[in-house]
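Please view the sequence and the structure together.

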Amino acid sequence: MKPMEIERRSFEIITQELGDRKLDPEFELVVKRVIHTTADFDYYDNLTFSEHAVLRMMDAIRAGCDVITDTTMAQSGINKKLLAQFGGQARCFIADPDVAEEAKARGVTRSLVSMEKAARLNKPLIFAIGNAPTALFSICDLMRAGKLAPEMIIGVPVGFVNVVEAKEEVMSTAQNYIVARGRKGGSNVAAAIVNAVLYQLIQREE
């Protein structure tokens, strides 16, 4: 089978296995693409969307938002060619020497400092966080300090320490979010969500 045929058949299987479980049409393709990426149907229950999150994220991408990730893996997984069609870039500062130096001097994580660096960019931003709960805490702190107003926060870090708490804080702090509640997530999930919204946007534009 060709790659596109495999993907099409995979989505058919996902639809079949979801059975009678209903999805909001706005969020359906995002949920199914995350399930496709992970083979984990728990995301049917775990993915939580603020009001009109997908429509608002499409508007943000259409307006030229950059997407900030907390890992190079998430950055590499995003369809940068499609994002560039709308004037946006996928950016990650985690490996920047100045971020590493400042994090060491302050005794904090590079994830925290990289979010602070992103907040200094003079353009609208979408955050796609799949690994570091400290990145989510940093984003929330910056929002409360009036230093950051993200167009969207994708909060899907995976793990056991402060992960659940960081996601809950995003949902209590931010207006626009897509969050995988609980411990599950990952950089691949963050990228899959961005791509799912990009693909929907491209379909609408055609």
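The crossing of α2 and α11 is right-handed. The model is a predicted one. The axes of α2 and helix α11 (residues 187-205) cross at roughly 140° and come within 9 Å, and that makes α2 oblique to α11. The points below begin with this helix pair, then turn to other helix contacts, the sheet and single residues.

**Helix α2 against α11**

- On the α2 side the meeting residues are E26, L29, V30, R33, V34, T37 and T38.
- On the α11 side they are N188, V189, A192, I193, A196, V197, Y199, Q200 and Q203.
- Sorted by class, this contact of α2 with α11 holds 9 nonpolar, 5 polar and 2 charged residues.

**Helix α2 against α4**

- Helix α2 (residues 25-38) also packs with helix α4 (residues 53-62), at an angle of about 80° and with the axes 8 Å apart.
- The two helices α2 and α4 are therefore roughly perpendicular to each other, since angles of 65 to 115 degrees fall in that class.
- From α2 the contact is made by E26, F27 and V30, and from α4 by A53, V54 and L55.
- The residues of the contact of α2 with α4 divide into 5 nonpolar and 1 charged, with no polar residue.
- E26 and V30 of α2 are listed in the contact with α4, and E26 and V30 are also listed in the contact with α11.

**Helix α7 against α8**

- Helix α7 (residues 97-106) and α8 have axes that cross at roughly 120° and come within 9 Å.
- α7 and α8 are therefore oblique to each other.
- Their crossing, that of α7 and α8, is right-handed.
- α7 contributes D98, V99, A100, E102, A103 and R106 to the contact, while α8 contributes R110, L112, V113, S114, E116 and K117.
- The contact of α7 with α8 has 6 charged, 5 nonpolar and 1 polar residues.

**The sheet**

- An open sheet is formed by 6 strands in the order β1-β6-β5-β4-β2-β3, and its pairing is mixed.
- β1 (47-49) and β3 (90-92) are the edge strands, each of which pairs on one side only.
- From one strand to the next, the twist averages 20°.
- β1 pairs with strand β6 (residues 177-180) in the antiparallel sense, over 3 bridges.
- Within that antiparallel pair of β1 and β6, L47 stands opposite A180.

**Strand β4 within the sheet**

- Strand β4 (residues 125-129) is mostly covered, with 5 of its 5 residues buried.
- L125, F127 and I129 are buried on one side of β4, and I126 and A128 are buried on the other, so that both faces are covered; buried here means under 20% relative accessible area.
- Strand β2 (residues 66-69) pairs with β4 in the parallel sense over 4 bridges.
- The bridge partner of T69 in β4 is A128.
- β4 is also joined by 4 bridges to strand β5 (residues 152-155), and β4 and β5 run parallel.
- I129 has G155 of β5 opposite it.

**Residue A53**

- A53 is found in helix α4.
- A53 counts as buried because its relative accessibility is 0%.
- Not counting residues up to four places away in sequence, A53 touches E26, F27, M152, Y177 and I178.
- Among these, E26 and F27 are residues of α2 in its contact with α4.
- A53 and Y177 lie 124 residues apart in sequence, yet their C-alpha atoms are 6.4 Å apart in space.

**Residue L112**

- L112 has its place in helix α8 (residues 110-119).
- With neighbours within four places in sequence left aside, L112 is in contact with R106, T134 and S138.
- R106 is one of the residues that α7 brings to its contact with α8.
- L112 and S187 are 75 residues apart in sequence and, C-alpha to C-alpha, 16 Å apart in space.

Definitions and conventions. Residues are numbered from 1 along each chain as its sequence is written. This is a predicted model: local features need pLDDT of at least 70, side-chain atom pairs count only at pLDDT 80 or more; totals for chains, interfaces and linings use all residues. Side-chain values use heavy atoms; hydrogens and water are left out. Axes are lines fitted to C-alpha atoms, for helices over the stretch in contact, and angles run from 0 to 180 degrees between N-to-C directions. Angles under 35 degrees count as roughly parallel, over 145 as roughly antiparallel, 65 to 115 as roughly perpendicular and the rest as oblique. Contact means heavy atoms within 4.5 Å. Ala, Val, Leu, Ile, Met, Phe, Trp, Tyr, Cys and Pro count as nonpolar, Asp, Glu, Lys and Arg as charged, and the others, Gly among them, as polar. A crossing is left-handed if the near helix is turned anticlockwise from the far one by less than a right angle, and right-handed if clockwise. Two strands pair if DSSP finds at least two bridges between them. Buried means under 20% relative accessible area, exposed over 50%, partly exposed in between (1.4 Å probe, protein chains only).
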